[in-house]
Amino acid sequence: MSSTGEQHPQLNRARRHFLGLAAATVARIAAMGTLAVTTFFPFSTARAQTAKPGKGPKPGNNPGQGPKCLLRGTSILTPTGEVTIEDLRIGDLVETVRGETRTIKWIGRHVYRRSGPSWNDSVVPIRICRHALDEHTPHRDLYLSAGHALLIDGVLIRVQDLINGTSIAPALPVAQREIEYFHIALDTHEVILAEGAPVETLLIEAGIHESFTNFAEFARLYPDPQPQKPFAPTVGYGGRAHLKALLRLAVRRFARVRVPIEEAYERIAARGEQLVG
């Protein structure tokens with residue numbers, strides 16, 4: 001049996017290890033910046049939105065609640081090959097990760113126009129660099145709105161929770177005065193392939209169409225839409241609870257409990273360091 005003098009060094013080492021994990025977790029929050037907890041708030045207007053510098057929505061308790069979209073120019077896999085999302089139409093077929101084709105029921109659209117010298121952070125997309133997820137995925141830089149989720153390790157994770165400052169970070173493909181986002185709605189919530197990466201389709205919920213510029217079209221086509229069942233659980237952090245959640249993850253990691261979002265983050269972040277190294 002160990003003596004008291006032998007137990008104290010072990011206990012101190014354990015405490016230092018835990019505090020080190022907590023400190024690293026807090027440092028991650030600083031690295032993520034405000035975009036890690038900023039979301040697009042819904043707009044109900046038939047006109048394009050004007051993004052005013054410094055006057056965007058403030059972080060709330062539910063990051064990712066609101067429009068979740070793909071940037072214009074994103075290639076979507078269809079039975080006949082890849083098609084840019086702005087060229088898809090209602091009635092077209094897309095491939096899903098289930099290995100099935102599904103018919104597009106609607107395509108939501110957002111247009112933001114810059115009114116000042118720079119874009120508001122809440123509008124800027126998150127870039128997932130080529131091969132950031134694995135050796136083949138995505139096969140080209142992929143741009144998503146902060147709240148859009150990818151299917152990773154069997155769960156949906158919002159891209160804002162994967163920001164690592166290297167392979168996944170806020171960015172615009174080119175300097176421009178207009179940002180246009182699109183989202184695809186199917187008859188069920190599915191995961192499709194955008195630039196080869198598994199991303200969610202629009203999850204139909206009450207009033208979700210009102211978040212899009214062309215909301216009137218959806219209301220006309222589907223006056224009584226039925227809520228959809230999520231394709232998979234969504235895991236992530238949220239608003240003011242972000243810090244506490246990350247600290248809880250540190251505790252779980254210390255206790256050797258599997259946390260999918262933390263494992264995915266660490267794996268992708270480590271790969272990001274290799275890509276830029």
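So, strand β2, residues 70–71, is joined to β13 by 2 bridges, and the two run antiparallel. Two strands count as paired here if DSSP finds at least two bridges between them. Strands (E, at least two residues) and helices (H or I, at least four) are DSSP runs, numbered from the N terminus. On the β13 side, Leu71 has Tyr181 as its bridge partner.

Before I go on, a word on what we're looking at. This is a predicted model, where local features need pLDDT of at least 70 and side-chain atom pairs count only at pLDDT 80 or more, while totals for chains, interfaces and linings use all residues. Residues are numbered from 1 along each chain as its sequence is written, and side-chain values use heavy atoms, with hydrogens and water left out.

Okay, back to β13. β7 joins it too, through 8 bridges, again antiparallel, and Val111 has Glu180 as its bridge partner there. How many of the 8 residues of β13 are buried? It's 7, so the strand is largely enclosed by the rest of the structure. Buried means under 20% relative accessible area, exposed means over 50%, and partly exposed is in between, with a 1.4 Å probe and protein chains only.

Tyr112 sits in β7 and Tyr181 in β13, so the pair ties together parts that are 69 residues apart in sequence. Tyr112 counts as buried because its relative accessibility is 3%, and Tyr181 is buried as well, at 1%.

What's the rule for a pair? Rings of Phe, Tyr and Trp (its six-membered ring) pair if their centres lie within 6.5 Å; planes under 30 degrees apart are stacked, over 60 edge-to-face, and the rest tilted. By that rule the count is 4 aromatic pairs. One of them is Trp106 with Phe212, edge-to-face, at 5.4 Å centre to centre and 90° between the planes. That pair links distant parts of the chain: Trp106 is in β7 (residues 106–114), and Phe212 is in the loop between β15 and α2 (215–221), 106 residues away. Both of these residues are buried. Trp106 and Phe212 also belong to one aromatic cluster with Phe218 and Tyr222.

Now the nonpolar core, meaning a set of buried Ala, Val, Leu, Ile, Met, Phe, Trp, Tyr and Cys residues joined through side-chain atoms within 4.5 Å. The largest one has 33 residues, and the members touching the most others are Ile76, Ile128 and Leu150. Several elements give at least two residues each, including β8 (126–128), β10 (149–152), β13 (178–185) and α4 (260–276). Which element supplies the largest share of this core? That's α4, with 3 residues. There's also a second, separate core of 16 residues, and among its members are Leu71, Tyr112, Val124 and Ile179.

About α4 itself: its 17 residues reach 25 Å from first C-alpha to last, close to the 24 Å expected at 1.5 Å a residue. That expected span is 1.5 Å times one less than the number of residues. Its buried residues include Ile261, Tyr265 and Ile268, but also Glu262 and Arg271.

Last stop, Gly91, in the loop between β4 (81–84) and β5 (93–95). Gly91 is partly exposed, with a relative accessible area of 45%. Setting aside neighbours within four places in sequence, Gly91 is in contact (heavy atoms within 4.5 Å) with Thr103 and Ile104. The C-alpha atoms of Gly91 and Ile104 are separated by 5.2 Å, though the two residues are 13 apart along the chain.
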